[in-house]
Amino acid sequence: MPFPKPHLEAFESPLRTQISERYLDQSGVLQDTIRVKAPKAKLEDVRLVHSAYLVETVELMSDIGSGQLGESSYASPDLLRTALLSVGGALRGTEMVVSGEVKHAFSLMRPPGHHATSSNPMGLCYFNNVAIATRQVLRNNGINKVSIIDFDDHHGNGTSEIFYTDENVQLISVHEYDYENFGLGHYAEIGYGNAKGTNINIPLLETSSNVSYETTIDRVMGPALTKFKPDIIMVSAGYDAHYADPVGNMDVDSQIFWRFGSFVREMVKATGAKGSIWVLEGGYNPFSLGLSIRASLEGLFGKDVPKLEDQIEREEYQQIIDANNEVVEKVIETIEPHW
Ligand SMILES: [Zn+2]
């Protein structure tokens, strides 16, 4: 995707997945995995979530091959094909988990999807991969409830909008939040109608570290999943909260991504869910992205936290930890009455 200067290189580029895949291969973490190619999704799959207008816009702009579709979302000649492959990865992974072929799946595809609403492409996202896979999986017998964990640096606004009134889909999004401008992603947004309490936002302050993310897992995500008891778990796996990421402003390292992997593994066991499907969202430093995904996979496989080269000593800001603890208490106070 093109991006104005001073970025010398577009940050949402094929290098993200190419460098990550090469790193994962060399690390040996893929030894016990099955690797499959993503098929191209059908337009009718995309229409499970998106308006005819959005689908036609992506088709048209892809034909033109340039221009802007929405805020920070640009067209290139291969846009439609690439976006359909990215949806296809999420759908194929989901099928493999539902059929019992694998317990967990990871779709290492781009472009990301969680900012795309039912009618608007935005934030480098065109089709909402995780939302389409969620709608599709709910058509299966025995899959009535889906939880989506979104740990991308940014609020999963598209996924939130799509399922805001759907009581069968629980979305838990932990993200960086700007308390000076109060955009979407505040903990006061809890869902609507019967779905009240199923939309859970954990808006953390800029420069939050592993400690605050640990707190959100222990205090909010664990209890929320245990209460909701999903039949399957989807993960919007964005890695732009990493301290080396050029886009996010958080301060976590690969240890927290290991923790998310190990947490999802525990939750699948504890809730009796069929398994988990991870769909790549952000993460724009191709080097820290590979490390972070590796850490998640090791957690998901039940391995100990790996010692990786990004895990260096960094300053902890106690005032940020304290402020985040208060946010977490507010989230619990707001959500709990609806459980
Ligand atoms: Zn992001």
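Strand 7 (residues 232–237) and strand 8 pair in the parallel sense, with five bridges between them. Before going on, please keep in mind that this is a predicted model, in which local features need pLDDT of at least 70, side-chain atom pairs count only at pLDDT 80 or more, and totals for chains, interfaces and linings use all residues. Residues are numbered from 1 along each chain as its sequence is written. Helices (H or I, at least four residues) and strands (E, at least two) are DSSP runs, numbered from the N terminus, and two strands pair if DSSP finds at least two bridges between them.

Towards strand 6, strand 5 (residues 169–176) runs parallel to it and is joined by six bridges, with Val174 opposite Ile202. As background, strands of a sheet pair through backbone hydrogen bonds, either parallel or antiparallel.

## Covered strands

Are the residues of strand 8 (residues 276–280) buried or exposed? Five of its five residues are buried, where a residue is buried if 20 or more other C-beta atoms lie within 10 Å of its own, exposed if 12 or fewer, and partly exposed in between, with C-beta atoms placed from the backbone. Both faces of strand 8 are covered: one side carries Ser276, Trp278 and Leu280, and the other carries Ile277 and Val279.

Strand 3 shows buried residues in both directions too: His104 and Phe106 point one way, Ala105 and Ser107 the other.

## Helices around the sheet

Strand 7, helix 8 (residues 254–271) and strand 8 make a right-handed β-α-β unit. Right-handed here says that, with the strands pointing away from the viewer, the path from the first strand over the helix to the second runs clockwise.

Axes are lines fitted to C-alpha atoms, for helices over the stretch in contact, and angles run from 0 to 180 degrees between N-to-C directions.

## Two helix pairs

The axes of helix 1 and helix 9 (residues 286–300) come within 8 Å and cross at roughly 50°. The two helices are therefore oblique to each other; angles under 35 degrees count as roughly parallel, over 145 as roughly antiparallel, 65 to 115 as roughly perpendicular and the rest as oblique. Their crossing is right-handed, and a crossing is left-handed if the near helix is turned anticlockwise from the far one by less than a right angle, and right-handed if clockwise. Among the residues that meet are Leu15, Ile19 and Tyr23 in helix 1 and Phe287, Leu289 and Ile293 in helix 9, with contact set at C-beta atoms, placed from the backbone, within 7 Å. Tyr23 lies in helix 1 (residues 15–27) and is partly exposed, with 17 other C-beta atoms within 10 Å.

Helix 7 and helix 10 (residues 318–335) have axes that come within 10 Å and cross at roughly 20°, so they are roughly parallel to each other. Helix 7 passes helix 10 in a right-handed crossing. The residues that meet include Val211, Thr215 and Val220 in helix 7 and Ile321, Val328 and Ile332 in helix 10.

## Backbone details in the loops

Phe182 counts as exposed, with 11 C-beta neighbours inside 10 Å. Lys229, in the loop between helix 7 (210–228) and strand 7, also has a positive phi, of about 50°, and is not a glycine. Lys229 is partly exposed, with 13 other C-beta atoms within 10 Å.

The peptide bond from Arg110 to Pro111 is cis, with omega near 0°. Pro111 is found in the loop between strand 3 and helix 5 (129–137).

Note on methods:
Two residues are in contact if their C-beta atoms, placed from the backbone, lie within 7 Å.
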